[in-house]
Amino acid sequence: MIQKKICLLGSFAVGKTSLAKRFVHGIYTDKYHTTIGVNIRKKIMQTNDCTVNLVIWDLAGEDEFEKVRLTYLRGASGYLLVADGTRRETLNKAITLKSGTEAVIGEKPFILLLNKVDLDDNWEIDPSLINDFVQKNWLVMATSAKTGQGVEEAFQMLTRKMAEG
Amino acid sequence: MKNHPAETYEHPPSEEKTSPDVFLFEGRDEALDELRLLLLEPEQKALRKLQERIDNPKKRAYDISRVLPQALVLCSSQNAALAKELTPQMDKLINASIGKNSKIFIKKLSRMIGPATRSAISEKIQDMNTALSHSFSLRGLKWRWEAFRTGKTFAEVVMLHNLIFRVEQVFLIHKETGLLLQNIAAHDVVSHDADLVSGMLTAIQDFVKDSFKTSGEDGLETLQVGELSVWIEEGPHTLLAAVIRGQASLELRTILRDVLENIYLEKTEELETFQGDNSTFEEIKPYLEICLESRYKSESKQRAIYFWTLLTMLGIVISVWIYFIPWRDHQRWTQSLNKLREQPGIIITSTEKHYGDYIINNGTYIINGLRDALAPDPKQLLTTSDICPENLVMRWKPYYAMEPEFILDRSKQVLQPPESIDLTYENGALKAQGSAPHQWIIETRILARAIPGVFQFWGDQVVDTDLKQLNEIKQQLEIRTFYFKLKTTEFSNIKANAIDELLTDVHNLLNLSDKLNQKIRIQIKGHTDSSGTELKNSNLSLKRAQQIRSFLVRKGISPAQMAVVGVGASEPQRQEATDDDRQFNRRVTFRVISKLPLHEK
């Protein structure tokens, strides 16, 4: 069976663990638990032509006190950059993290996830901004770990991209 | 052709006929050649084909390969020469091959060693199972309980307890991605999600390296979790993690390292280009099986002997405890009862004994009975015995013991005799001897008969000390004489304290008579000498007596207790021949007059 390591990256409290939990276990809880170091989960995905064992490394979120441990990224076949749509600054952080990641593992398939799309009242990301990313050939998806919107699709998409190489 | 070894066995005899054909070729005549061609063409063709097969090494090898197996079978079945010839050649070949590339052999051997080890362990389990299935030792029962409780088989529990260590799981992990390449677990071990374990072990390894900035390949080598430890061996592209129960020997580290090296050598290319497909690593499972090693501790026979000796001794001690202690206790109890029974004044009416367990309590003893108040305290009597006072309950009812010593003691207690009295008791009679005050004698006569066990009292021999003293004073008083001068009431030659001594005597006499309830009077008798008239003498003698009485009255003596009488010269003390004789007759004397004789009433 093909195995792939993917990483979830982003600022603290953007919903990385919630996305992983929603994807792997199909559950969501309101309670916030900060991730210490890394959480590892796995899920077997069926793509068009093969079965992939997806090993998901949910890295601790980066904040002003704690940098992401880039060694955890080694060997990742792809990654999900997670930003909180209700906190503009998390998007900038995601961009910074992308460059950091590429410095370690080179160019790999990735998707920018704008999470918490269910909180549309507080949405801070301008559609024009998203267009800028799309222009740069970035894949951008809006997700909600709470409602499950876009979660499965995001992981599916990344898996497909990794399979394509 | 004849020299060819195969020919010797394989050529059919018919082929011998082809040899004359050779000579046909040697002819030079063309007609003859033509004729030969016409006549012998098919044979010639066959012959050429045959020649070609012999000359061409490839074809000949092909031919030999077809018959070689049969030839070998035939050869080995007929004699051992072939094997003898081939063995040194084979040895050389194997040596050369190992020297050139040992990996191939290691790979093949490891495939055999893995299953062989498992098979050996399995047999060991079977042996232990059989050996211990009939075991009813304490430990055996304990392990059976554990097996029942945990749902494991008995053999598994036994094995776990006898293990020095066992490698339960082995993970081969791709170092860069943290992805699991292969894993293997002992047959009875529940393996949790190996992918996650693999990822997490890599993360921990990365974390440690990152945090402590270790150099090069230095990373976490050991994790300890309760009884389990995880040994991690790191290679160029892989991590080999072994989960070990117990204390593994350092040899295991070498084994892990060798396995890792072998895997690397065999799968160098696959590891260097690993893209997530672990199916190619299925082949390295035998290597991992080498790591699934177990070591057992053997129970030495010596220990077993010690164990049984100890158990037997314990059994003896328990038996002694169970049988000896109650026996000793019973002995003590009987001795104590006998001691009480021998004691006068104590009568045991019934006893009860409640046996204890001799571990926490030693049982309770109950004694019911009668006890004379004068008998010694039973508790004091039993202080020397080994019965614990807390375990002894005694219920006594009072009674009068009729043993002579008790009656005597009781009499002494009631009568409180003075030291001068000797009391004895015999056949129901209490006898008093010696002397005692009058009051005691009187009271004793009344009390003695009321004492239980005293039916008679003999006290006549007891001297009344008060009465004795009364008689002594009486005698002393009656010899007292006061002398007077001629024709006067004046004392002559009187001692200085004579009058005081008289008073003391009178006082004592009257007191004692009161005490003895005796009615007495003191007669004071006046005397004269024979000179003068009888009348004068009578008056003078009376006056002399009255003078003494007056003195005593003045000193507080009641006049009623005294009587004066003047007898003149009628009772002379001496015959009057001289003046001295007459002086002795001018006197006053005393007499004690009692209505009753002065002795015991």
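Biologist: How many residues of chain A are in contact with chain B, and with how many residues of chain B?

Modeller: The model is a predicted one. Contact here requires heavy atoms within 4.5 Å. By that criterion, the residues of chain B in contact with chain A number 22, and on the side of chain A the number is 17.

Biologist: What area do chain A and chain B bury between them, and which residues of chain A lose the most area to chain B?

Modeller: The two chains bury about 1800 Å² between them, and carbon and sulfur atoms carry 50% of that area. Three residues of chain A together account for 33% of what that side buries. Those that lose the most area are A:Gln3, A:Arg69 and A:Arg74.

Biologist: Which residue of chain B forms a salt bridge with A:Arg74?

Modeller: The rule finds three salt bridges across the interface of chain A and chain B. In the salt bridge formed by A:Arg74, the closest N and O atoms are 2.8 Å apart. The partner in chain B is B:Asp206.

Biologist: Which elements of chain A give two or more residues to the side that touches chain B?

Modeller: Between chain A and chain B, eight residue pairs are in polar contact, with both residues at pLDDT 80 or more. On the chain A side, the elements that give two or more residues are strand 1 (2-10), strand 2 (38-46) and strand 3 (51-59).

Biologist: In what order do the elements of chain A run from the N terminus?

Modeller: Chain A contains four helices and six strands. Of its 165 residues, 48% are buried. Starting at the N terminus, the order of elements is β-α-β-β-β-α-β-α-β-α.

Biologist: With which residues is B:Leu240 in contact, leaving aside its neighbours within four places in sequence?

Modeller: B:Leu240 is one of the residues with the most contacts inside the largest nonpolar core. Once neighbours within four places are left aside, its contacts include B:Trp231, B:Ile232 and B:Glu233.

Terms used: Residues are numbered from 1 along each chain as its sequence is written. Chains are lettered from A and ligands numbered from 1 in the order in which they are written. This is a predicted model: local features need pLDDT of at least 70, side-chain atom pairs count only at pLDDT 80 or more; totals for chains, interfaces and linings use all residues. Side-chain values use heavy atoms; hydrogens and water are left out. A nonpolar core is a set of buried Ala, Val, Leu, Ile, Met, Phe, Trp, Tyr and Cys residues joined through side-chain atoms within 4.5 Å. Buried means under 20% relative accessible area, exposed over 50%, partly exposed in between (1.4 Å probe, protein chains only). Buried area is the accessible area (1.4 Å probe) that two parts lose on being put together, summed over both. A salt bridge is a side-chain nitrogen of Lys or Arg within 4 Å of a carboxyl oxygen of Asp or Glu. A polar contact is a pair of N or O atoms within 3.5 Å; within protein, one must be able to donate a hydrogen and the other to accept it, and residues adjacent in sequence count only if both atoms are side-chain atoms.
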